[in-house]
Amino acid sequence: MNRIDSSVRNSARVRITAKIAGTAVLLWAVMVLTTCGAHEPANHHALPEFYSSADDIPTSGADYPGTEAYDREIKKVMVAWNIPGAVIAIAKNGKLILVRGYGYSDYEGRIIMRPDSISRIGSISKTLTALAILRLCDEGKLNIDDRFLNILTEFRVPDSGDSRINDITIRQLLNHCGGWDRSISSDPTNDGMIIERNYGLSGPPTRADYIRYTLTKELDFNPGERFAYSNIGYLILGSVIEKISGEKYEVYVRDHVLAPMGVYSLSIGYEHLEERVPGEVKYYDPWYDDSLFSGEGVTPRPYGWTNMTGIDAAGGWISSAIELTRILTAMDGSRTAQFLSQTSMNDMFGNPGLPEWSGDKSWYGMGLFVGPSTGRWGHGGSMAGMQSNMYRLDNGYVWVVITNSRSEDPDGYSNALYWAMTNALGSGIDGSSDDLYDEYPSVHTPPRGY
């Protein structure tokens, strides 16, 4: 099973037609199809039954018109899929109109999930990486059609390697068409133990280790030929950001992407339970595996096995649901001035023209799933102990949901969670008449290691 999964696994998706705010809208739901490779999980520990009924689930956050629909739908999913905690945030026209916490951020400690609880966000991190790359393009420091190995000159394809890797461009990495297909070959982010042994590492692989390892592997198709979701492609982009900017990846994203949006609390997460930042949830997952940290042995997958530092640009960020809506409302221009140039916006949301994989007239732009119109976009994330989804709809609603477990059937759970939010939104929601962003300000926090 993969260390980090996207909102789309092996390009499988389902079509959903729903009526939102009186308009029929085609919605794409996500199916996280986790598959096991050569490295099987060490063992399985069934999670406790968290709730026997929806009445057992505590809530936090103020009640507003429409809140009852979310309470009903989210609690129903939590009971059905045995999820300890969830948080939602909804914005419209640049205003935060509803925030709600459900269940517990720490079930054993009976710590209530708060609307501003912090969680890993998985592959939503890729949206931040894409924004950073396009920001560098707007600053005139990077050409999107540059070959990545012409920038990352510290890496090279070995003589016995696949020469096609030399031709992969930044654009192709952003569009997930670089040539790696994890349904054919293994996802390098899942090969941490192999990389540790191959390179004699004393701890988890770094981003550079993952890249070096990948350059020894054959591509699965010619670069630019088709779409295949790729974590390693976005790790490479993280190193491109560092090389071009001269700053650490996390620092550049915080200072040049998030700060201009008025977002200050995001950071790269830590690997261990005791390293959680203030307000961060506890993650629940039934699978245990060998820790990447020497001497730790078998640990719960969210702690020790998940390498937050090494996968930073592909899935390492932590955030609250509220902060993610801040990012979305900055991206769509409803809360702040347009962040990127129009050229970069066109690149980010535009259809790259790759062979269609879903049959629903949608596509992957740059760091976002888009379609069937450019007004509808978002991303999801799934990894051990969490699930996240963020969407911007054609009618201007923005919504985010994050849970601190992902169930033993991630594909079915992801779809159920999407349906819950879709059903609750129904014909729209008024929510608070005041802007709740004022109640939940973005607080400056130091980046990792500072």
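About 320 Å³ of space lies in the second largest pocket of this predicted model. A pocket is an open set of points on a 1 Å grid over the protein atoms alone, with protein on both sides within 12 Å along at least five of seven lines. A volume is the space filled by probe spheres set on the points, which are joined across faces, edges and corners. In this predicted model, local features need pLDDT of at least 70 and side-chain atom pairs count only at pLDDT 80 or more, while totals for chains, interfaces and linings use all residues. Residues are numbered from 1 along each chain as its sequence is written, and side-chain values use heavy atoms, with hydrogens and water left out.

**Second largest pocket**
- The second largest pocket is lined by 20 residues, and the closest to its centre are R207, E250, T309, D312 and R448. Lining residues have an atom within 4 Å of a point.
- Helix α8 (residues 249-258) gives the most to this lining, with three residues. Helices (H or I, at least four residues) and strands (E, at least two) are DSSP runs, numbered from the N terminus.
- The lining of the second largest pocket splits into eight nonpolar, five polar and seven charged residues. Ala, Val, Leu, Ile, Met, Phe, Trp, Tyr, Cys and Pro count as nonpolar, Asp, Glu, Lys and Arg as charged, and the others, Gly among them, as polar.

**Largest pocket**
- The largest pocket has a volume of about 460 Å³.
- It is lined by 26 residues, and I118, S265, P278, V443 and T445 are the closest to its centre.
- At least two lining residues come from each of β10 (267-268), β13 (317-320) and α11 (321-331).
- Helix α11 gives the most to the lining of the largest pocket, with three residues.
- This lining holds 13 nonpolar, seven polar and six charged residues.

**Strand β7 and its partners**
- Strand β7 (residues 95-106) is largely enclosed by the rest of the structure, because eleven of its twelve residues are buried. Buried means under 20% relative accessible area, exposed over 50%, and partly exposed in between (1.4 Å probe, protein chains only).
- Strand β5 (residues 59-60) pairs with β7 in the antiparallel sense over two bridges. Two strands pair if DSSP finds at least two bridges between them.
- S60 stands opposite G101 in β7.
- Strand β6 (residues 85-92) and β7 are antiparallel partners over eight bridges. Here A86 stands opposite Y102 in β7.
- The hairpin of β6 and β7 has two residues between the strands, and N93 takes a positive phi near 55 degrees.
- Strand β8 (residues 111-112) pairs with β7 in the antiparallel sense over two bridges. D106 stands opposite I111 in β8.
- Four residues lie between the strands in the hairpin of β7 and β8, where R110 takes a positive phi near 50 degrees.

**Residue Q342**
- Q342 is found in helix α12 (residues 342-349).
- Q342 is partly exposed, with a relative accessible area of 45%.
- The C-alpha atoms of Q342 and D138 are separated by 9.6 Å, though the two residues are 204 residues apart along the chain.

**The whole chain**
- The protein chain has 13 helices and 18 strands.
- Of its 450 residues, 60% count as buried.
- Among contacts between residues at least 6 apart in sequence, 72% join residues at least 24 apart. Contact means heavy atoms within 4.5 Å.

Definitions and conventions:
On a 1 Å grid over the protein atoms alone, a cavity is a set of points where a 1.4 Å probe fits but cannot get out, and a pocket is an open set with protein on both sides within 12 Å along at least five of seven lines; lining residues have an atom within 4 Å of a point.
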